[in-house]
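Look at the sequence and the model together.

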2 protein chains.
Amino acid sequence: MRRDASSSRDRLVAGAADLLARHGLGTMTVRELARHANAPLGSTYHYFPGGKPELAAEAVRWADRETGAVLRQGLGDGPVEGLREFVQMWRRTLVDSDFGRGCAVMAVAVHENPGDAARDAAVFAFSNWTTELSAVLRRRGVSHDAAADLATLVIAAVEGAVAMCRAERSLQPLEVVAARLEGLLRS
Amino acid sequence: MRRDASSSRDRLVAGAADLLARHGLGTMTVRELARHANAPLGSTYHYFPGGKPELAAEAVRWADRETGAVLRQGLGDGPVEGLREFVQMWRRTLVDSDFGRGCAVMAVAVHENPGDAARDAAVFAFSNWTTELSAVLRRRGVSHDAAADLATLVIAAVEGAVAMCRAERSLQPLEVVAARLEGLLRS
């Protein structure tokens with residue numbers, strides 16, 4: 001029972017992250033999520049009594065964990081490998097959704113009033129990814145400040161490129177940016 | 001009369017760009033724009049008989065022109081100066097809006113179904129900015145492909161950093177990214 005309950009809730013959170021990554025925060029509601037996830041409205045409210053703000057924050061945390069895990073796995077082999085896994089994840093996300101899906105964290109970041117919990121989760125996500133990459137760069141001898149700055153550039157550029165890819169319906173901006181960033185990480 | 005009519009419409013388009021840059025595409029409607037711009041609903045529909053898709057496309061074109069003009073002005077003095085003007089514009093946008101405003105083009109790019117006209121306008125905007133910067137780099141002796149790639153990296157990274165700044169409510173990501181990009185443009 002407990003596992004079922006937890007996995008129902010997880011499925012709803014993943015659905016909310018998908019909605020965010022497709023349409024942004026503006027139109028996301030508990031009602032839309034229930035429809036999107038093909039779940040009863042009552043149970044959706046049951047799992048998220050805090051409504052949309054709670055849902056958005058949970059969705060961002062989910063996206064943070066999923067993306068962080070992919071990045072971390074690559075980083076085990078080095079900074080370039082971390083970038084490659086990160087980029088490969090976005091490539092798959094874009095192609096599998098016919099360029100309909102992007103980044104749920106970005107969706108919250110570009111909204112004026114996402115609510116404190118969702119905004120905090122977005123800041124935490126960007127910071128997690130940047131810190132993971134930065135730590136690996138430091139272990140390769142890059143100075144503390146240079147590592148942090150380069151990691152911020154990598155995350156910002158990939159996030160920006162993913163959005164450009166969605167508009168263009170082409171992987172080109174991501175491929176170009178990934179190649180330039182790989183050059184920077186190597187040097 | 002004609003000038004009045006044109007300036008009323010222009011004011012509405014600027015208002016739509018502001019709405020997009022704050023809340024994204026999801027919740028933007030002709031009705032919300034009329035409220036936001038303090039304009040009669042009837043005249044708003046009169047100017048935009050195509051409704052939301054027309055409004056969104058016009059707003060993106062407006063943002064493209066405004067941003068392109070700032071970038072071009074800086075680029076007259078060189079690529080680094082172009083980047084500086086571009087970054088300074090975003091710094092002002094973020095600070096003046098207490099981190100509430102971002103990029104209207106980005107707002108359309110991150111939506112799954114922005115409509116063909118708005119998506120085309122977004123692709124055109126990113127391409128305009130990239131082409132302007134790339135042309136100036138080529139005039140400084142950078143090869144065609146390297147100039148195009150570097151210009152794409154610059155636009156993607158600044159756009160990503162602006163979103164990160166909005167989440168953090170701090171200019172830090174933009175400052176870090178701008179400094180790294182300036183180094184790349186110099187070298």
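Start with A:M28. It counts as buried because 24 C-beta neighbours lie inside 10 Å. (A residue is buried if 20 or more other C-beta atoms lie within 10 Å of its own, exposed if 12 or fewer, and partly exposed in between; C-beta atoms are placed from the backbone.) This is a predicted model: local features need pLDDT of at least 70, side-chain atom pairs count only at pLDDT 80 or more, and totals for chains, interfaces and linings use all residues. Residues are numbered from 1 along each chain as its sequence is written, while chains are lettered from A and ligands numbered from 1 in the order in which they are written.

Where does A:M28 sit in chain A? It is found in the loop between α1 (2-23) and α2 (30-36). Helices here are DSSP runs of H or I with at least four residues, strands are runs of E with at least two, and both are numbered from the N terminus. Which residues does A:M28 touch? Leaving out residues up to four places away in sequence, they are A:A16, A:L19, A:L20, A:H23, A:L33, A:K52 and A:A56. Two residues are in contact if their C-beta atoms, placed from the backbone, lie within 7 Å. A:R65 is 37 residues from A:M28 along the chain, and their C-alpha atoms are separated by 21 Å.

Now take chain A as a whole. It has nine helices and zero strands. Its radius of gyration is 17 Å, close to the 16 Å that the globule rule gives for 187 residues, so chain A is as compact as a globular protein of that length. The radius is taken over C-alpha atoms, and the rule is 2.2 Å times the number of residues to the power 0.38. Buried residues make up 49% of the 187. Of the contacts with a separation of 6 or more, 63% join residues 24 or more positions apart.

Next, bring in chain B. The same surface serves both copies: 100% of the contact residues of chain A recur in chain B.

Finish with helix α8 of chain B. Of its 25 residues, 20 are buried, so α8(B) is largely enclosed by the rest of the structure. Just after α8(B), B:R169 takes a positive phi of about 55°.
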